[in-house]
Amino acid sequence: MTFGEQPAYLRVAGDLRKKIVDGSLPPHTRLPSQARIREEYGVSDTVALEARKVLMAEGLVEGRSGSGTYVRERPVPRRISRSGFRPPAGATPFRQEQADGETRGTWESSSAQAEASVAVAERLGIRPGDRVMCTRYLFRDAGEAMMLSTSWEPLAVTGRTPVMLPEEGPLGGMGVVERMAAIDVVVDNVTEEVGARPGLAEELLTLGGVPGHVVVVIQRTYYASGRPVETADVVIPADRYRVAYHLPVK
């Protein structure tokens, strides 16, 4: 193989991918069999199998037991906006995450005390093992699971206060900024780091993805006078959603 030349299985996968993208192989069409790929492209069974594995890992095709491999329907990506939007009457976590006044979604949540892991402790500026309130959210849009979020708040800040449980009490369901203000903690900055990785098995099971699907991960942290008071991981299926930021011009 000369420099710059692709391995045979990637060339085959690339041609099949092109046919899927341009509609020559539309959704729900059965992918050519391994024998057909071998004959059409003049490659070995091993190459044909590896090409199919590439397309499956990319989420373009799916295997159906006893039937074969079929082209998956490609969803039209929808937008999740993020801009620090706050409705006048306060903001639920779901409305904060979407920053879209037209959104009408639902969410499920559960909170429990936990010990901060090394990674979470570093983000919150506390010691590993310190107590935090961990809250997990599953957000839905029209009933469809669209986003996961796991939030950690140091109990050194919120413990034994009315806002210790984010979804309970007089300010349950309000945003981090509003809840912290109720205990005289003034949030004055927020950072978000955006990355991507293969989805974990439990994430994809909940969000409806298949092994190999990529998720967008947003690491968000709220600060009060330089002190982190909340950090969260927001997980979004990359094939179904795009994250749009609305940033003010100063």
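What follows is a set of questions and answers, each setting a value against a definition.

Q: What kind of model is this, and how are residues numbered?
A: This is a predicted model, in which local features need pLDDT of at least 70 and side-chain atom pairs count only at pLDDT 80 or more, while totals for chains, interfaces and linings use all residues. Residues are numbered from 1 along each chain as its sequence is written, and side-chain values use heavy atoms, leaving out hydrogens and water.

Q: How many helices and strands are in the chain, and what makes a run count as one?
A: The chain has eight helices and ten strands. Both are DSSP runs numbered from the N terminus: helices are H or I with at least four residues, and strands are E with at least two.

Q: What describes the packing of two helices?
A: Two packed helices are described by the angle between their axes and the distance between the axes. The axes are lines fitted to C-alpha atoms, for helices over the stretch in contact, and the angles run from 0 to 180 degrees between N-to-C directions.

Q: Why is α2 called roughly perpendicular to α3?
A: Helix α2 (residues 34–41) packs against helix α3 (residues 45–57) at an angle of about 115 degrees, with the axes 9 Å apart. That angle makes α2 roughly perpendicular to α3, since angles of 65 to 115 degrees get that name (under 35 is roughly parallel, over 145 roughly antiparallel, and the rest oblique).

Q: Which residues make the contact of α2 with α3?
A: On α2 they are Gln34, Ile37 and Arg38, and on α3 they are Asp45, Ala48, Leu49 and Arg52. Contact here means heavy atoms within 4.5 Å. These residues divide into three nonpolar, one polar and three charged. In this scheme Ala, Val, Leu, Ile, Met, Phe, Trp, Tyr, Cys and Pro count as nonpolar, Asp, Glu, Lys and Arg as charged, and the others, Gly among them, as polar.

Q: What makes α1 oblique to α3?
A: The axes of helix α1 (residues 8–21) and α3 come within 8 Å and cross at roughly 50 degrees. This angle makes α1 oblique to α3.

Q: Which residues bring α1 and α3 together?
A: From α1 come Ala8, Tyr9, Leu10, Val12, Ala13, Leu16, Arg17 and Ile20, and from α3 come Val47, Glu50, Ala51, Val54 and Leu55. They divide into eleven nonpolar, no polar and two charged.

Q: How do you know what to call the arrangement of α1 and α2?
A: Their axes come within 12 Å and cross at roughly 105 degrees. The two helices are therefore roughly perpendicular to each other. The contact is made by Val12, Asp15, Leu16 and Lys19 of α1 with Ile37, Glu40 and Tyr41 of α2. Four of these residues are nonpolar, none polar and three charged.

Q: Is Glu230 called buried or exposed, and why?
A: Glu230, found in strand β9 (residues 227–237), has a relative accessible area of 1%, so Glu230 is buried. Buried means under 20% relative accessible area, exposed means over 50%, and partly exposed is in between (1.4 Å probe, protein chains only). Across the 250 residues of the chain, 39% count as buried.

Q: What makes Ala142 and Arg160 count as buried or exposed?
A: Ala142 lies in the loop between β5 (131–141) and β6 (144–154) and counts as exposed at 75% relative accessibility. Arg160 is in the loop between α6 (155–158) and α7 (176–181), and its relative accessible area of 84% makes Arg160 exposed.

Q: What is phi in Ala142 and in Arg160?
A: Phi of Ala142 is near 55 degrees, a positive value in a residue other than glycine. For Arg160, also a residue other than glycine, phi has a positive value near 60 degrees.
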